[in-house]
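Please open the model in your viewer and keep the selection tool at hand. The tour below goes from one selection to the next and says what is found at each stop.

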Amino acid sequence: MRHLLYLLSFLALYIVLLLLSLSIGAYRVYTPFEAITILLWGDGSHVDRAVVELRLWRSIAATMVGVGLAVSGLIIQRLLGNPMADPYILGVSPGAALGYLSALAPGLGYPVWYLAAFLGGLIAYVTVISIASIAGLTSLALIVVGVALSYALSSLLVIAIFLLGPQLGLATVWLFGTVAYTPKTESILLSVAVLAGLILVAVNRGALTALLLGEEVSKAMGVNVEALRLSMTAIVAFTVSLITAVSGPVGFVGLTAPWIARVTVGASFNRLLVASTIIGAILVLGSDVVVRVVGGGRELPLTAITSLVGAPLLLYLSVRGRYAGRL
Amino acid sequence: MKPGYGVQGMMRERLTLLGFVAVILVFIVGFSTLYQAISGLRGEVSSLSRSVEEQGRAIEGLRSQVVAQGEALKDLDLVKRRISSIEESLRQVASVRDLERIAEELGRASAELKLLSSRLALANESLRASIRELMSTVDSLSRRVEALAEQMLFPVTVTDGVGDKVVVLRKPSKLVSLAPSVTETLYYIGALELLVGVDEWSDFPAIVKERRDRGELAVVGFWSPRVEVIVGLKPDLVIGVASVPSHRALKSILAPYGIPVVLLPDFKLSDVEESILIAGRVTGRLVEAYETLYKFKLAVNYATLLASKAEYKPKVATVVWVRPLFVVGGGTWEHDIVEVVGVNVYGDMMLWPQVSPESLLARAPEVIIVTSSHGVVSAEDLVNFLVEALGDAAYRIPALRDGRIYVLSGAYEDSFVRPSPRTILSLYVLLIALHPQLFDLAITAIPQKLSPETLDVVGVLSKIAPDPLVAFLKVGLGG
Amino acid sequence: MLGGFSNSNPCDIRVEGVTVEVEGRVILSGVSFKIEGGLVAFIGPNGAGKTTLLRVLAGIIDYSGVVSLCGLDPRRARRLTAYVPAYLQVDPYAKVEDVLEAYLHNVRNPGDPLEILKLFGLERLRGRRFNSLSSGEHKLVLLAGALARNPRVLLLDEPFSHLDIANQVKVARLIREVSRSITTVITVHEPLYASIADLAGVMSSGRLVAFGKPGEVVSRKTLVEVYGVEMEEVMVGSRLLLVPSL
């Protein structure tokens, strides 16, 4: 069946990218075979082992960022019935950035920055939910309030960056996203959170499948749409806040991955879930590999690459074949 | 037995023997006396000759001093002649270029005079007097140059750091500085008292911070200058830096108010030199500018000379932030400074690239310099981060293995991160930290935290460097 | 024809004094009726509250009053009901199978929607994008999905709108057949389709003006009152039709 073929090829692509990710880096470029033997059987020198292990954690982080963002994007698009929705629509990204920057100023240690970023994202989300619930917590309310708050927070962010001054200005480059600084601890944290979110989503997949027919019909079938909206957006906010705190905002994945999934495997939620996770992982891990290949030792903002890679891909898939002209 | 030998004969024999012994005794005594006398003489001779030698050496010393003096005197003579020729040219100044040339020569002459006066340590009153006289001549000439500058130089058109031609109509009496490096440059050329407005980060010299805190100096902002405050101050000139976008925008914003904006270039070490001249031209302080420039160049050259005596220039990485990891790359003045005393392993990347822990492992710097951003970043942060990422393999990085991580803080950090003449201080700090053996210091004597309290650069240098150079460095410390 | 739906006791629906207020506006006021199986059609002008009534029965809307389906509160009865709105727009990339699959949420023993599609004669629609179907196919697919829930109450909002005559006939026949074993409530605009039902209700401005056998209730007098338009009675064969006079 065509869908199965797509899924398998995505999986294969991911595995290839994983191998590349283990092999390529600033220290040395190994062959994939070497990288595997170093990782699994401890061949090679002490340094080789440390480097490949570092790359492994980096790959895991990249994968989890991709999975987290893709699934969050899928949920948001499903819940809000809006294919243009992005997980950052809830104001989480500028909220997390503000949290991060406000923790920088007094000169605290780095775990505080991550915590502040995470809390910033959650606070933004809670604000959106509270304001939207005045209007009844409908999808439209969420979109409108979310977008409005995002813009408001982004302007605050610009002001904050201005006020920080030259010395701390460097840290704001974090705002463009990178997985280069996620060694073991951060990667594990990220994985646990993303996988937990994934499980919670999978538990609700029946309700989310029903949501294809719109809120009314789902409600008539027994789906508690309000509760679902609340719980799912909470999961999205939590996951995206954590991802943003650890790796900075990585744009475009949350929007594109579910789209690519939909175009290739259709709108059945179960298939979409599986496909989105793999595609999200491919997008982010692939972009990270590109960063390492092209950067020449220099780290580049991940968002730039995900957009460059994802946009043409999405365009191509959308306009070819049967669906030509019927976007 | 012969008859007649008898007792008389025996007595005669005994007498002869006695006589023999007496003669021998006399000989011995006489000999030893003589010997003593001779050795005494010899001692005297040698002590005499020693004192003669000493005298000879003293005379040599005197003579070499005289020769040095003679050379210094020759140089003094040269300077004297140059100064009088400057005086001559002053009378024939026709164009701004002439004036500039004169200012340059005068600046050099003044600096050389100070250098000379340290060499001529003799208490020869007449020499000292003649030097004092020359210095006062130089002073009065400088004032004449300045007066001329006021008339001739203004209106002046300078090409500033972004390549714009800016016109300054008259010698400014009210200045606004938008950046710490600008404030410091103005200080060095003696234009500090013209400031009426300053940014919130300028803190050197201390008087600037005091006056700002007391409200005597308006705060106009660094990243985003407050236009209304600036306009309210009615300054004759606003000086910013080329690298800040809002400063560039300020040019067109302040143009309708007739306030010119000059931007000093701040990318490379050579930009520091150009900035000094631009600042000098727009404030009319040409002589001071040239003098500062000369001293700065001299200091840089001296440091380069000292560094060339080192057997090996270590590989250096300069970290400015840990999470994410930012380092100093090429095309920056920090890079230029590091390259005098070592090799910047990230010199092939431009500006301040973000890198991964792997790349530190790959480029294996032997020394890591960390800028503490006023205490926010520490060496522990860096080490912890690298160990987190790479485990024990982090210690394969030579700088970690050998414990050669140095954190610049306080005045040493400020002078490193600001492209003003003060940056020469950081050059010498790094020179001492990276090549302690040149100063008879052990590597272990260099503390991890490099600040004026922990490493007395001035003290170390005053042992071997000429006084004026040390004095120039002291200016950077507020002395 | 649709032999699979043999629920022995069709559900009864009881509605007493139901009032629905949204943002200060009264949409339904004091609606009461009782059904014991079969097909019920509600007719009335736009905005009379027909759709709202259906939504109350589906358990989607808050109301005051008493409603019971098979003795259950509408919210509890969701498992037993299937609701088909007048028009549904879904994700453009959704296929017919996806829509059918989505309809099977929260059902104890669902039927096979594809089988039902086959029964409708529409298995050629498999693999097609849902939004590319014609209105008739649209409605039939949704109906197939609803039926696959094996519901005991079927709620169809305007099942005949946007359909051509052939499809209208098809749908009418289907609904008649189905309503033999499943209590079916529909909303209609044509008096003709009200007449195929077992019971009919006429609604106007949120009130149930008349309820009973279609022949009696859907009379010329009532319709003229409710619609404010002149109607004519026309005999076609043995059937009495009410048509507006143009």
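Select N106(C), which lies in the loop between α2 (96–102) and α3 (113–119) of chain C; helices (H or I, at least four residues) and strands (E, at least two) are DSSP runs, numbered from the N terminus. Phi of N106(C) is near 60°, a positive value in a residue that is not glycine. N106(C) has 16 other C-beta atoms within 10 Å and therefore counts as partly exposed, a class that lies between buried (20 or more other C-beta atoms within 10 Å of the residue's own) and exposed (12 or fewer), with C-beta atoms placed from the backbone.

Before going further, note that this is a predicted model, in which local features need pLDDT of at least 70 and side-chain atom pairs count only at pLDDT 80 or more, while totals for chains, interfaces and linings use all residues. Residues are numbered from 1 along each chain as its sequence is written, and chains are lettered from A and ligands numbered from 1 in the order in which they are written.

Staying in chain C, move to C70(C), which is placed in the loop between β4 (64–69) and β5 (81–84) of chain C. C70(C) is not a glycine, yet its phi is positive, at about 55°. With 17 other C-beta atoms within 10 Å, C70(C) is partly exposed.

The mean for chain C is 86, and 97% of its residues reach 70 or more. Among the elements of chain C, strand β6 (residues 153–156) has the highest mean pLDDT (94), and strand β11 (residues 239–244) has the lowest (77). Over residues 1–6 of chain C the pLDDT is below 50, and this stretch has nine contacts in the model beyond near neighbours in sequence, a contact being a pair of residues whose C-beta atoms, placed from the backbone, lie within 7 Å. Where pLDDT is low, the predicted coordinates should not be read in detail.

Next select A41(C), which, leaving aside residues up to four places away in sequence, touches I186(C), V188(C), Y193(C), A194(C), A197(C) and A200(C). A41(C) and Y428(B) have the most contacts inside the largest nonpolar core, which has 319 residues; such a core is a set of buried Ala, Val, Leu, Ile, Met, Phe, Trp, Tyr and Cys residues joined through C-beta atoms within 7 Å. Helix α3 (residues 46–80) of chain A gives the most to this core, with 20 residues.

Show the chains together. Which pair of chains has the most contacts among the two pairs that touch? That pair is chains A and B, where 31 residues of chain B are in contact with 26 residues of chain A. On the side of chain B that touches chain A, α11(B) gives the most, with five residues, and the residues of that side divide into 18 nonpolar, eight polar and five charged. Here Ala, Val, Leu, Ile, Met, Phe, Trp, Tyr, Cys and Pro count as nonpolar, Asp, Glu, Lys and Arg as charged, and the others, Gly among them, as polar.

The contact between chains A and C takes 19 residues from chain A and 21 residues from chain C. On the side of chain A that touches chain C, the largest share, five residues, comes from α9(A). Chain B and chain C do not touch, and their nearest C-alpha atoms are 41 Å apart. For the complex, the predictor gives an ipTM of 0.84 and a pTM of 0.77.

Turn to chain B, which holds 17 helices and 13 strands; of its 479 residues, 43% count as buried. Select helix α8 (residues 269–283) and helix α10 (residues 333–341) of chain B, which pack at an angle of about 115° with their axes 7 Å apart, the axes being lines fitted to C-alpha atoms, for helices over the stretch in contact, and the angles running from 0 to 180 degrees between N-to-C directions. α8(B) and α10(B) are therefore roughly perpendicular to each other, as angles of 65 to 115 degrees count as roughly perpendicular, under 35 as roughly parallel, over 145 as roughly antiparallel and the rest as oblique. L269(B), D271(B) and V272(B) in α8(B) meet W333(B), D336(B) and I337(B) in α10(B).

Finish at P205(B), in the loop between β4 (195–198) and α5 (206–213) of chain B. A cis peptide bond, with omega about -5°, joins F204(B) and P205(B).

Methods. pLDDT is the predictor's confidence in each residue, from 0 to 100.
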